[in-house]
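Hi everyone, thanks for making time for this. I'd like to walk you through one structure, stopping at a few side chains along the way. Please have a look at it first.

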Amino acid sequence: MILQALNRYYDILLKDSDTQIAPFGYSAVGVSFALNISAQGELLDIFPQFSQEPRGKKMVEVPRPMVVPQQVKRASGIKPNFLWDNSAYVLGISEKDDKKPDYSRDRFNAFCQLHKNLLEGVDDDDARAVINFLELHDPGTCRKHPAIEKFLETLLKGGNLIFLYCGAFVHENLAIRQV
């Protein structure tokens with residue numbers, strides 16, 4: 001009886017737009033940037049997703065809370081998230097690259113493999129755009145890209161990144177959500 005009541009309350013909270021309750025299979029996380037990509041997989045721009053919030057006497061930038069596919073548990077090892085993650089996974093760059101040259105490359109390769117496995121059979125423009133981005137993107141030269149250069153210092157610190165295609169967040173696409 002208690003479990004049924006808790007389940008009903010969870011369903012009520014899911015329908016309330018003022019709560020940040022994630023549905024089953026999803027997580028609520030802070031997102032720092034959206035990568036705007038073209039159908040061919042080109043990085044067109046990067047859009048910050050921060051909001052200003054008062055903390056004490058000053059205003060600070062806070063990543064935008066978003067509901068994304070469920071966050072993997074990482075105590076150690078390389079485990080990419082689906083359609084979002086930090087810059088080491090999504091772009092193949094991080095602050096650790098100087099000391100550990102394989103650190104970001106291994107994470108980016110795992111991110112690519114996960115997405116190719118899950119999205120290759122999806123007949124959808126958003127899925128193809130993400131696959132094209134991952135095939136086209138070169139972690140070795142991307143720091144020179146004007147959009148990345150503009151936010152490089154913040155990107156390297158490890159905020160979460162998502163994909164934006166044709167003005168919509170890819171992780172919210174219905175065909176991709178079914179994956």
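Let's begin with R55 and E53, whose side chains meet in a salt bridge, 3.6 Å from N to O. Keep in mind that this is a predicted model, so every distance I quote is computed from it. Are these two partners buried or exposed, or something in between? R55 is partly exposed, with a relative accessible area of 47%, and E53 also counts as partly exposed, at 32%.

How many salt bridges turn up if we search the whole structure? The search finds 8. Another of them joins R143 to D97, and here the closest N and O atoms are 2.9 Å apart. R143 sits in the loop between α4 and α5, while D97 sits in the loop between α2 and α3, so this pair ties together parts that are 46 residues apart in sequence. R143 is partly exposed, at 29% relative accessible area, whereas D97 is buried, at 15%. The cut-off for buried is under 20%, which is why D97 falls on that side.

Now over to helix α4, where D125 and R128 are 3 residues apart, about one helical turn. Here is some background for that: an α-helix has 3.6 residues a turn, so residues three or four places apart point the same way. The side chains of D125 and R128 do meet in a salt bridge, 2.6 Å from N to O. Both count as partly exposed, D125 with a relative accessible area of 45% and R128 with 37%. D123 joins in too: D123, D125 and R128 are linked in a network of salt bridges.

A search of the whole structure finds 4 aromatic pairs. One of them is F33 with F50: the ring centres are 5.5 Å apart and the planes are at 90°, so we call the pair edge-to-face. F33 lies in strand β2 and F50 in strand β4, so the pair ties together parts 17 residues apart in sequence. F33 is buried, at 2% relative accessible area, while F50 is partly exposed, at 25%. Ring pairs also bring in F151, giving a cluster of F33, F50 and F151.

F151 takes us to helix α5, residues 146-156. Which residues of α5 are buried? They are A147, I148, F151, L152, L155 and L156. What do they pack against? Their partners are the strands β2, β3 and β7, together with helix α2. Just after α5, G158 takes a positive phi of about 105°.

For contrast, look at helix α1, residues 2-15, where L3 is found. L3 is exposed, with a relative accessible area of 69%. I2, L3 and L6 form a nonpolar patch on the surface, with about 370 Å² of accessible area together.

Last stop, the cysteines. A disulfide is a covalent bond between the sulfur atoms of two cysteines. How many disulfides does a search of the whole structure find? It finds 0. Take C112: the nearest cysteine sulfur, that of C142, is 12 Å away. C112 counts as buried, at 7% relative accessibility, whereas C166 counts as exposed, at 63%.

Key: Residues numbered from 1 in each chain as written. Predicted model: local features only at pLDDT ≥ 70, side-chain atom pairs only at ≥ 80, totals over all residues. Heavy atoms only, no water. Buried < 20%, exposed > 50% of the residue type's maximum accessible area, 1.4 Å probe, protein only. Helix = DSSP H or I, 4+ residues; strand = E, 2+ residues; numbered from the N terminus. Contact = heavy atoms within 4.5 Å. Patch = residues over 30% accessible without salt bridge, like charges linked within 9 Å, V, L, I, M, F, W, Y side chains within 5 Å. Areas by Shrake-Rupley, 256 points an atom, 1.4 Å probe, with all protein chains shown as cover. Salt bridge = Lys/Arg side-chain N within 4 Å of Asp/Glu carboxyl O. Disulfide = S-S within 2.5 Å. Phe/Tyr/Trp six-rings, centres within 6.5 Å; stacked < 30°, edge-to-face > 60°.
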